[in-house]
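I opened the model today to look up a few things and write them down. The entries follow in the order in which I went through them.

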Amino acid sequence: MLLTINGRPHDVHVEPFESLASTLRERLQMLGTKVGCDRGECGTCTVLLDDVPVYSCLVLTRSCEGRRIRTIEGVATANELHPVQRAFVTHDAVQCGYCTPGQVMSAIALLEQHALPSDDEIRRSMSGNLCRCGCYPKIHAAVKSVAAAAVEANDDR
Amino acid sequence: MRYSYHRPASLDEASDMAAALPNARFIQGGTDLMVRIGQGRERPGHLISLRRIGELTTIDANREIRIGAGATLSDTLAHPDIRRRLPALAQSLAALGSRQVRNMGTIGGNLCNASPAADTAPPLLVYDARVEIRNGRAIRCLPLAEFLLGPGKTALQAGEILVAIVVPDPPEGTGSAFIRRGRVTMDLAIASVAASVRLNGGASIAIRVAAGAVAPTPRRLTAAEAVATPTDDWSRAAIAAREQIEPITDLRASAEYRRHLTGILVRRALTMAAAASGQWSIDR
Ligand SMILES: Cc1cc2nc3c(=O)[nH]c(=O)nc-3n(C[C@H](O)[C@H](O)[C@H](O)COP(=O)(O)OP(=O)(O)OC[C@H]3O[C@@H](n4cnc5c(N)ncnc54)[C@H](O)[C@@H]3O)c2cc1C
Ligand code: FES
Ligand code: FES
């Protein structure tokens, strides 16, 4: 079947009941998307499906025909990190890093929908991404800083 | 074993497939079914995805509010008529799972899965919702209370498809509310309560209460409704509710705690619903 991932077509063979997380990791060697629980609880496998965050461990790959899949691999350009990635680095919002790809995807989806989310909106929207290292305050600060920077950039124009 | 995945484009096609394929299961968001398949608790031979069927995802709020069974929890929560006219349902959707779960999961999946803790059920019960079921080429309707039969059990017969949930528009002056308590936000409820109240001055005209996670199915608490009155701060309603439920002890909470908690939630939900009806303030 044909999958569109990060804007590029991929022709892959998949089993009928295969999860998108398995297809990405095992067939396409796109190992940026992590699998923590494989049952919809931790958020490490978060990808964007038609720009909306979902748990790829619960998505059947066969249901993705004709849909736009975005993963962590498509977030940075060849020589520049995405602003959300940069903010995670500046705010030291990473400890072991296992949850980070999922956190970044959720944050990008949130900021694309709401340029300036409130603290409560950030907390609610990111609540489906667990961090076992407990970096929540720094993750929160990182997401908030991207929103604030975007507003400033707008004001300067 | 031979197994396969199907994506019918219409309800007719889906019904025909289900009739022709034994050991097939319907799948919408997969947030319940995929977990069970992953754990090996369920091994369907075929999965019939209903996601391509456009008419299952529409929400029509012209007179009655008709929510397609395949509408995602996110789309239902974002619908302005649902927020305005069915606030207790919106509150239950906001409390359900995480953003990712709501983007994938559907309202029909929540009911068909028939968890005693299904969060959308108590509000839909107080709103007197009914369900529309497709059986081959025929349609049948049932009150939601007759659809939910037990843990994981519904009135659906083999091959039947839940098509829509239909909610009568609550009359002017109705207030409603939903509250739940869980161990953490991303866990199923220990107990949940929805209430709707229509008052005339201090006198009650119509009061409805339903609870989740404290009986084999989410259910209306008719005994509590019968004695509910704002003049005693809803105390008798709380006591009657504690009597009418059948809680169990499980990893989330003990039966005793669930009983205690339900009394408190009934009182709070009624207080909030009455306040929302605009006729009775919380801090009298
Ligand atoms: C991390 C996590 C947290 C969760 N938290 C909550 C919570 O707080 N509260 C809560 O209530 N639930 C919760 N859930 C459960 C689940 O997300 C909901 O029940 C959801 O609404 C199910 O919808 P779905 O479309 O994903 O169902 P699916 O998994 O696609 O289907 C569920 C069942 O319904 C059947 N079915 C689906 N659609 C139809 C149809 N149209 N006709 C006939 N049968 C049908 C399927 O065959 C299957 O048996 C959670 C799940 C996860 C993974
Ligand atoms: S791996 Fe998908 S949610 Fe944990
Ligand atoms: S940084 Fe280790 S799990 Fe989040």
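**Entry 1: a pair of strands in chain B.** I began with Thr174(B) and looked for its bridge partner in β12(B), which is Arg198(B). The model is a predicted one, and I keep that in mind for every entry. Strand β11 (residues 174-182) of chain B and strand β12 (residues 189-200) of chain B pair in the antiparallel sense. I noted 9 bridges for this pairing. β11(B) and β12(B) form a hairpin, and 6 residues lie between them. Is β11(B) mostly covered or mostly open? I found 7 of its 9 residues buried, so I wrote down that β11(B) is mostly covered.

**Entry 2: Ala269(B).** Next I picked a residue in helix α12 (residues 255-276) of chain B, namely Ala269(B).

**Entry 3: chain B as a whole.** Chain B has 12 helices and 14 strands. Its radius of gyration is 19 Å, close to the 19 Å that the globule rule gives for 284 residues, so chain B is as compact as a globular protein of that length. The C-alpha trace spans about 65 × 45 × 30 Å along its principal axes. I noted that 50% of the 284 residues count as buried. Of the contacts in chain B with a separation of 6 or more, 62% are between residues 24 or more positions apart.

**Entry 4: the sheet in chain A.** I turned to chain A, where 5 strands form an open sheet with mixed pairing. I wrote the order down as β2-β1-β5-β3-β4. Which strands are at the edges? They are β2 (8-11) and β4 (52-55) of chain A, each of which pairs on one side only. Neighbouring strands of this sheet are turned by 40 degrees against each other on average, direction ignored. Helix α3 (residues 100-113) of chain A packs on the sheet and touches β3 (46-49) and β4 of chain A. The direction of the helix makes about 35 degrees with that of β3(A). Strand β1 (residues 2-5) of chain A runs antiparallel to β2(A), and 4 bridges join them. In β2(A), His10(A) is the bridge partner of Leu3(A).

**Entry 5: where the chains meet.** I found 20 residues of chain A in contact with 20 residues of chain B. On the side of chain A, β4(A) gives the largest share, 4 residues. By class, that side has 9 nonpolar, 7 polar and 4 charged residues.

**Entry 6: ligand 1.** Where does ligand 1 lie? I found it between chains A and B. There are 35 residues around ligand 1, and those that come nearest are Gly40(A), Gly29(B), Gly105(B), Gly109(B) and Asn110(B). α7(B) gives the most to this shell, with 5 residues. By class, the shell has 18 nonpolar, 13 polar and 4 charged residues.

Notes. Residues are numbered from 1 along each chain as its sequence is written. Chains are lettered from A and ligands numbered from 1 in the order in which they are written. This is a predicted model: local features need pLDDT of at least 70, side-chain atom pairs count only at pLDDT 80 or more; totals for chains, interfaces and linings use all residues. Helices (H or I, at least four residues) and strands (E, at least two) are DSSP runs, numbered from the N terminus. The radius of gyration is taken over C-alpha atoms; the globule rule is 2.2 Å times the number of residues to the power 0.38. A residue is buried if 20 or more other C-beta atoms lie within 10 Å of its own, exposed if 12 or fewer, and partly exposed in between; C-beta atoms are placed from the backbone. Two residues are in contact if their C-beta atoms, placed from the backbone, lie within 7 Å. Two strands pair if DSSP finds at least two bridges between them. Axes are lines fitted to C-alpha atoms, for helices over the stretch in contact, and angles run from 0 to 180 degrees between N-to-C directions. A residue is near a molecule or strand if its C-beta atom, placed from the backbone, lies within 6 Å of it. Ala, Val, Leu, Ile, Met, Phe, Trp, Tyr, Cys and Pro count as nonpolar, Asp, Glu, Lys and Arg as charged, and the others, Gly among them, as polar.
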